[in-house]
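Look at the sequence and the model shown here, and keep both in view while reading.

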Amino acid sequence: GLGDVYKRQDSRDVRQKIAKLKALSVYLDDEIERALQKMSRRHLNERDAKKTVIFIRMSNLIVRLGDWAYDFAETSGRIARSDSSVPPKLKADIHETYRIFDRNMEVLRVPFPGMLPETRDDIKQNDNLLRENFNANYLRQLGFITRDDEVADSIVIELLSILENANGLVH
């Protein structure tokens, strides 16, 4: 999966696949927007107009999530190299953060109108856990930056920021 991209030395194939999927999502977004704009030229009742707006927003969200996946794969690919200055503990921290985020993505596959209260509770619980995880990791990075005996690497902060922004997109 995407979270394992940075763990493998040879993750180029995964990153190329993600780049292709990103390009496809942009193409599909353009096609969807053209079709919806054509449809919106007709006189739509309020219900259909609202649906049209929702479809456009969903299409744009898919593109932004594609951008996020691409950025995450490209950035995490940089720490897969053996010459990466990122210690294994920090790589494990990123993996744990991604695991929590991925749990929310899995839960969100359930359609909203049919979402059970337990599912909403799971998302809230994961969000709280994710927020705690982000804060702990940012504080840990701050510690690395302020210590003279450690070499700070901004890549961990980049990956955390990408995950944090992606989590904000899905809400």
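Of the contacts in the protein between residues at least 6 apart in sequence, 74% join residues at least 24 apart; a contact means heavy atoms within 4.5 Å. This is a predicted model, in which local features need pLDDT of at least 70, side-chain atom pairs count only at pLDDT 80 or more, and totals for chains, interfaces and linings use all residues. Residues are numbered from 1 along each chain as its sequence is written, and side-chain values use heavy atoms, with hydrogens and water left out.

The protein has five helices and zero strands, so its pattern along the sequence is α-α-α-α-α, where helices (H or I, at least four residues) and strands (E, at least two) are DSSP runs numbered from the N terminus. The accessible surface is about 10,900 Å², and 55% of it belongs to carbon and sulfur atoms; such areas come from the Shrake-Rupley method with a 1.4 Å probe, and for residues only the protein chains shown count as cover.

How much of the protein is buried? Buried residues make up 33% of the 171 residues. Buried means under 20% relative accessible area, exposed means over 50%, and partly exposed lies in between (1.4 Å probe, protein chains only).

In soluble globular proteins, nonpolar side chains tend to be buried together. A nonpolar core is a set of buried Ala, Val, Leu, Ile, Met, Phe, Trp, Tyr and Cys residues joined through side-chain atoms within 4.5 Å. Here the largest such core has 22 residues, and W68, F72, F101, V156 and L163 have the most contacts inside it. Two or more residues come from each of α2 (46-80), α3 (88-107), α4 (117-146) and α5 (154-169). The most come from α5, which gives seven.

Now compare how α3 lies against two other helices. The axes of α3 and α5 come within 11 Å and cross at roughly 5°; axes are lines fitted to C-alpha atoms, for helices over the stretch in contact, and angles run from 0 to 180 degrees between N-to-C directions. The two helices are therefore roughly parallel to each other, a label for angles under 35 degrees, while over 145 is roughly antiparallel, 65 to 115 roughly perpendicular and the rest oblique. Residues making this contact include F101 and N104 of α3 and V156 and L163 of α5. By contrast, α3 and α4 pack at about 160°, with axes 9 Å apart, which makes α3 roughly antiparallel to α4.

Finally, N104 sits in helix α3. N104 is buried, with a relative accessible area of 1%. Its C-alpha atom is 8.0 Å from that of D122, 18 residues away along the chain.
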